[in-house]
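Good morning, and thank you for making time for this presentation.

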Amino acid sequence: MERDGLIIKGVGGAYTVQSEKGIYICTARGVFRKRETTPLVGDKVVITVTDETKKIATLHTIKPRENELRRPPAANIEQVVITVATAQPAFHSGLLDRFLLLVENEDIPLIICVNKVDLLDNKGFEPYIAAGYTLVYTCALTGQGLDNLRGEMAGKLNLLAGPSGVGKSSIINALAPHLKLETGVLSTKLDRGKHTTRHTEIFPLGDSPEDGYCFDTSGFTSLDITHIQKNELAPLFREFRPFIQDCKFKNCLHHHETNCAVKENVGQSIHPARYEGYLKLLMSSGKERDY
């Protein structure tokens with residue numbers, strides 16, 4: 001018996017699939033391994049039920065994906081909520097810029113959630129406001145800004161992603177207290193969060209689909225953008241796009257070239273800090289950097 005479903009959790013080769021007839025624990029067919037295809041949380045799938053009583057099935061088919069991310073691994077995302085903190089751990093614009101590149105490269109809608117606003121002011125985020133991103137400022141401990149975040153996430157399949165320790169699980173717990181996700185503490189030695197989420201899983205944010213759903217994902221301290229070529233970087237900076245076509249040279253990298261419309265707009269429509277971030281990424285293109 002075949003059923004349509006959605007992978008809501010994957011751990012150690014076992015996939016939890018939500019279907020209209022309930023939740024099934026599934027193993028993947030060997031054909032996926034032969035094709036070097038890995039099922040992802042968020043995949044829409046067809047399963048073959050082998051034991052209806054015990055809710056056991058085999059993952060038979062993965063339907064075409066609308067999008068996917070490599071890290072954290074997830075598919076069919078409707079909105080990414082890139083989560084950072086003002087402090088503890090310290091904010092690194094380079095890490096945020098890299099994640100923005102990955103999401104922009106997949107053309108997935110996104111917002112930026114700045115958590116822990118009780119610890120430090122949020123003045124360092126003006127470049128992203130100027131670039132046109134939606135920023136939501138929150139404090140999971142006090143509840144500040146959570147209503148705004150809840151409104152942005154309503155009715156969507158959201159992926160919360162960001163460095164370890166920024167408070168992703170705490171935010172989800174604050175939005176949906178019934179989930180009671182494990183949270184961690186910051187390593188004072190490294191000023192990095194400790195990984196409390198070790199897999200990706202989808203949770204409902206309320207009792208109704210209108211409340212939205214959320215991927216909870218493991219944190220990270222590095223991001224691989226080696227698959228993005230140097231000449232592909234600039235279009236992923238959304239504020240560069242209106243000016244790229246006006247550059248004199250079609251292969252302009254907006255660095256040393258003359259008559260570059262992007263450079264001419266730095267300090268006007270393009271925030272200088274965002275341009276500096278672009279140059280750093282241009283120089284490190286092809287490398288994975290740890291922060």
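Let me begin with a definition: a disulfide is a pair of cysteine sulfur atoms within 2.5 Å. Please also keep in mind that what you see is a predicted model.

With that cut-off in hand, how many disulfides does a search of the whole structure find? The search returns zero. Consider cysteine 139, which takes part in no disulfide. The nearest cysteine sulfur to it belongs to cysteine 113 and is 10 Å away. Cysteine 139 is also buried, because its relative accessibility is 2%, and the threshold for that word is under 20%.

Cysteine 260 is a second case to look at. Its sulfur lies 3.8 Å from the closest cysteine sulfur, that of cysteine 252, and this is too far for a bond. Cysteine 260 is likewise counted as buried, since its relative accessible area is 2%.

I turn now to the interior. In soluble globular proteins, nonpolar side chains tend to be buried together. Here, the largest nonpolar core has 63 residues, and the members that touch the most others are Val80 and Ile112. Which helix gives this core its largest share? That is helix H2, residues 93-105, with seven residues. Apart from this core lies another one, of 17 residues, including Ile172, Leu175, Leu179 and Phe203.

Let us look at isoleucine 112 itself. Setting aside residues up to four places away in sequence, isoleucine 112 touches Ile82, Val84, Leu96, Leu100, Tyr128, Tyr133, Thr134, Leu135 and Val136.

Next, the packing of helices. Two packed helices are described by the angle between their axes and the distance between the axes. For H2 and helix H9, residues 272-283, the axes come within 10 Å and cross at roughly 80°. H2 is therefore roughly perpendicular to H9. On the H2 side, the contact is made by Asp97, Arg98, Leu100 and Leu101, and on the H9 side by Arg274, Gly277 and Leu281. By class, these residues divide into three nonpolar, one polar and three charged. Leu100 of H2, part of this contact, is also among the residues that isoleucine 112 touches.

A second pair is helix H4, residues 146-153, and helix H5, residues 168-175. These two pack at an angle of about 85°, with their axes 11 Å apart. H4 and H5 are therefore roughly perpendicular to each other. H4 contributes Leu146, Leu149, Arg150 and Met153 to the contact, while H5 contributes Ile171, Ala174 and Leu175. What is the make-up of the contact of H4 with H5 by class? There are six nonpolar residues, no polar ones and one charged.

Is H5 mostly covered or mostly uncovered? It is mostly covered, with six of its eight residues buried. The buried residues in H5 are Lys168, Ser169, Ile171, Ile172, Asn173 and Leu175. Among the elements that cover them are strand E8 (79-85), strand E9 (110-115), H4, strand E11 (157-161) and strand E15 (213-216).

Finally, the loops. In the loop between E8 and H2 we find proline 89 and glutamine 88. A cis peptide bond joins glutamine 88 and proline 89, with omega at about 5°. Glutamine 88 also has a positive phi, about 50°, although it is not a glycine. At 45% relative accessibility, glutamine 88 counts as partly exposed.

Aspartate 107, in the loop between H2 and E9, is another residue other than glycine with a positive phi, in this case near 55°. Is aspartate 107 buried or exposed? Its relative accessible area is 65%, so aspartate 107 is exposed.

With a relative accessibility of 28%, asparagine 122 counts as partly exposed. Leaving aside neighbours within four places in sequence, asparagine 122 is in contact with Val117 and Tyr137. Asparagine 122 and alanine 87 are 35 residues apart along the chain, and their C-alpha atoms are separated by 9.8 Å.

Thank you for your attention.

Note on methods:
Residues are numbered from 1 along each chain as its sequence is written. This is a predicted model: local features need pLDDT of at least 70, side-chain atom pairs count only at pLDDT 80 or more; totals for chains, interfaces and linings use all residues. Side-chain values use heavy atoms; hydrogens and water are left out. Buried means under 20% relative accessible area, exposed over 50%, partly exposed in between (1.4 Å probe, protein chains only). A nonpolar core is a set of buried Ala, Val, Leu, Ile, Met, Phe, Trp, Tyr and Cys residues joined through side-chain atoms within 4.5 Å. Helices (H or I, at least four residues) and strands (E, at least two) are DSSP runs, numbered from the N terminus. Contact means heavy atoms within 4.5 Å. Axes are lines fitted to C-alpha atoms, for helices over the stretch in contact, and angles run from 0 to 180 degrees between N-to-C directions. Angles under 35 degrees count as roughly parallel, over 145 as roughly antiparallel, 65 to 115 as roughly perpendicular and the rest as oblique. Ala, Val, Leu, Ile, Met, Phe, Trp, Tyr, Cys and Pro count as nonpolar, Asp, Glu, Lys and Arg as charged, and the others, Gly among them, as polar.
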